[in-house]
Every structure is written in C-alpha cells, then in structure tokens.
Amino acid sequence: MPCIFEHVYFARPDSLIDNISVYKCRLRMGEKLAEKVLRLKPDHDIDVVIPIPDTSRVSAQAMAETLGVKLREGFMKNRYIGRTFIMPGQTERKKSVRQKLNAVKLEFSGKNVLLVDDSIVRGTTSQEIIQMARDAGAKKVYMASAAPGVRYPNVYGIDMPSASELIAHGRTDEEVGELIGADWIVYQDLEDLIDAGAEGNDNIKRFECSVFDGQYVTGDVDKAYLDRIEALRNDSAKQKADVSIEPRKGRLLVFTTITTRLFSRELLTIVACSPWLKSRVKE
C-alpha cells in the first residue's frame, strides 16, 4: 500500500510512483484545494498566491490558476538550511526558519496574501512565515495546506514529531489558524487528497494515511506502542540523545543526532576533530 505522504512532501515532482505522476498529483491537489476555497469563500479578497518553498510550488500554481489570481514568489530560500520540521528543539527550528527564508517585501506590501504549504506539522514554520509576511507589509495573511491536518505520529519510517507536538493534534482547524496567527486557514480534505493521488492508476484503491486519520494499516499499533513512540520522539528525549563521543585527534568524525540519522541526508555533518571541537562535544 503506497504512502500518501510521498506525494504530499517527500517525492520530487518529476517522480513517478506506481505510475502516478507526482507533478500531476500536486496539480490536482492545488485544484481541489482552490475549489474548496471557492466553496467556503466565493467572494474572497485574495490578491496573490505565494508558495512556501519548495514542495508547495506546484499546488500553489494550480490554486492560483483556479482562483484566478496572481502567483508570485514571495520567499527566497537559503538552500543550505535543512528541513526544519525534524530539527530537535523549538528554539532551533524557529531560528532556522528565519535563516532559511527571506521575504520579498514588494510581493506582500498592502496585499491580502494566500500562503500555500504542502503540509503543517508542528506549526513552527507556518507561525514564523506568517509573521514574516506581516512584517513585510501584508494586510491579511491566509494559510492553505495542500494536505489535511497532521494529527497522528507516523510509525512506518518517517521521523515525525510525537503526537503532542503536532499542532493539529486534538485541535480544530480554527484553533490551529489562531495559534499560527493566520487570518484564515484552509486544509485539504482527506478524500480529495486520496482522489488526487489515485487518479492515473486504477489499481490504486487505498493509501497509507495514518498521519491524517490515525488508521494504521498493519493493525498492530496500539496505545502502548504510541506511548513508547511519544517518549522517544518528544523534544526533550531528542536533546538527551545528542551523540556523546570522545574523538581522536586528527580523525574525521561523522556525527548526527537521533533525527539526522533518519531520512535527513542533507543534515549529515562531517567535521574534522580538533581541540576546538573536543571542547564542544559532550563528555
């Protein structure tokens, strides 16, 4: 059973998964989300659609076309900063968001902007980006997520945060919008996401969607297991799990935290051991 989050976030847009084009899937996600916006706000006052780099660009393009408004690149990305949602520690994540993106003030000043992201996990990125949009002069800031609310942890290989750290866990969409500081928030419906992913391959009837609906396909995930995952994945546990080493002088050292060991090649850090490094590594 294919994982729907591959289409939402992980896969490159030029990929084919089970003979389904990820690019076309994300176009359909944007179209369906725009149709939902038009149902909920037929008299919307959106001036411009701005994607949050990089994964949301294709969906944002389709949203702008369907809504009949301009698409603009309002954020410039620093490609040397890794994925923020898997970084340990809220302070580090907030700092990295500001380092990762810079707002183009011309695209925000005096406008009602619709920001489009592929998904909202902890909400850290969304909260910081919405504030950046306001600082750049936006009148109103709306938030659109091309995926439904991420409300449950993943147990099949994605280093998702613990359930208590997922901003949508136990909250309504309106409560999430208020927490991240958006004037309005709209999520993709799960049924629409599945339809967008399945189109193009009639043999695909189901997707693994546990992060959205809490239905674990293997049938062996119980509360005790989820509690154990919670204890291992929360921020305090990850910070305690920072690697403790005693390097030898002159050798190259590859070290990672628990999160960078899992699916985060761009965060892998290679350093030369030195007295300076030794002084900063935990005994």
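Tutor: Let's begin with a backbone spot. D18 sits in the loop between β1 (16-17) and β2 (20-21). Keep in mind that this is a predicted model.

Student: What is the phi of D18?

Tutor: Positive, about 55°, although D18 is not a glycine.

Student: Is N19 buried or exposed?

Tutor: Exposed. Its relative accessible area is 64%, and the cut-off for exposed is over 50%.

Student: Switching to the inside. How many residues are in the largest nonpolar core?

Tutor: It has 24 residues. F75, F108, V113, L115 and M143 have the most contacts inside it.

Student: Which elements give two or more residues to this core?

Tutor: On the strand side, β3 (48-51), β7 (112-117), β8 (140-145) and β9 (184-187). On the helix side, α5 (124-135) and α6 (173-180).

Student: Which one gives the most?

Tutor: α5, with four residues.

Student: Why would nonpolar side chains group like that?

Tutor: In soluble globular proteins, nonpolar side chains tend to be buried together.

Student: Back to M143. What does M143 touch?

Tutor: Leaving out residues up to four places away in sequence, M143 touches several residues, including I52, L114, L115, I130, I180 and W184. D117 and S126 are also among its contacts.

Student: What other core lies apart from the largest one?

Tutor: One of 22 residues. Among them are F5, I20, I158 and L166.

Student: New topic: α3. Which residues of α3 are buried?

Tutor: V58, S59, A60, A62, M63, A64 and L67.

Student: What happens just after α3?

Tutor: G68 comes there, with a positive phi of about 75°.

Student: Last one. Where is the cis peptide bond?

Tutor: Between P53 and D54, with omega about -5°. D54 lies in the loop between β3 and α3 (57-67).

Technical notes
Residues numbered from 1 in each chain as written. Predicted model: local features only at pLDDT ≥ 70, side-chain atom pairs only at ≥ 80, totals over all residues. Heavy atoms only, no water. Core = buried A, V, L, I, M, F, W, Y, C linked by side-chain atoms within 4.5 Å. Buried < 20%, exposed > 50% of the residue type's maximum accessible area, 1.4 Å probe, protein only. Contact = heavy atoms within 4.5 Å.
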